[in-house]
Amino acid sequence: RGELKEKDISSGTELAASEASVYSREADLAATRAAMKELEVRLANQDAQFRERLEDEKTTHKEMVAKLEAANEITVRTLEDKMTTAQQLFEDELAALRSD
């Protein structure tokens, strides 16, 4: 009978140790899942920030292109006006030389 009690106690101790191990593993798994969820949230936030910066950069780029195109248009018009004025002056001087 004493031997049976020792086996029962030993089996009970092993079972308790086994259950404690299972609970410990479950706790580790829960901690791992929580850490993964936290990483997932951080990645989602970083992705959102990256996309926002990308949109800002696209907008800035479009604005810069528009400003450059406007400046280019002004430059082209100014050059055309100067060329027209120079052509007119040339023609006026040529006419003056011919009339002399």
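This is a predicted model: local features need pLDDT of at least 70, side-chain atom pairs count only at pLDDT 80 or more; totals for chains, interfaces and linings use all residues.
Visitor: How many helices and strands does the protein chain have?
Guide: 1 helix and 0 strands. Both are DSSP runs, numbered from the N terminus: helices are H or I with at least four residues, strands are E with at least two. Helix α1 covers residues 2–99.

Visitor: What does the C-alpha trace span?
Guide: About 145 × 15 × 5 Å along the principal axes.

Visitor: And the radius of gyration?
Guide: 43 Å for the protein chain. A compact globule of 100 residues would have one near 13 Å. The radius is taken over C-alpha atoms, and the globule rule is 2.2 Å times the number of residues to the power 0.38.

Visitor: What share of the residues is buried?
Guide: 0% of the 100 residues. Buried means under 20% relative accessible area, exposed over 50%, and partly exposed in between, with a 1.4 Å probe and protein chains only. A95 is partly exposed at 46% relative accessibility.

Visitor: How much accessible surface does the protein chain have?
Guide: About 9500 Å², with 57% belonging to carbon and sulfur atoms. The areas come from the Shrake-Rupley method with a 1.4 Å probe.

Visitor: Switching to charges. How many positive and negative?
Guide: 15 positive and 23 negative, with mean positions 9 Å apart. Lys and Arg count as positive, Asp and Glu as negative; His and the chain ends are not counted. Each charge is placed at NZ of Lys, CZ of Arg, CG of Asp or CD of Glu.

Visitor: How many salt bridges?
Guide: The structure holds 4. The criterion is a side-chain nitrogen of Lys or Arg within 4 Å of a carboxyl oxygen of Asp or Glu.

Visitor: Which residue does K37 pair with?
Guide: E40, at 3.4 Å, N to O. K37 and E40 sit 3 residues apart in helix α1, so about one helical turn separates them. E40 is partly exposed at 48%.

Visitor: What about R51, and is it exposed or buried?
Guide: R51 forms a salt bridge with D47 at 2.9 Å, N to O. The two are 4 residues apart in helix α1, about one turn. R51 is exposed at 52%, while D47 is partly exposed at 35%.

Visitor: Where does E73 find its partner?
Guide: At R77, 3.5 Å away, N to O. E73 and R77 are 4 residues apart in helix α1, so they too are separated by about one helical turn. E73 is partly exposed at 38%, and R77 is partly exposed at 47%.

Terms used: Residues are numbered from 1 along each chain as its sequence is written. Side-chain values use heavy atoms; hydrogens and water are left out.
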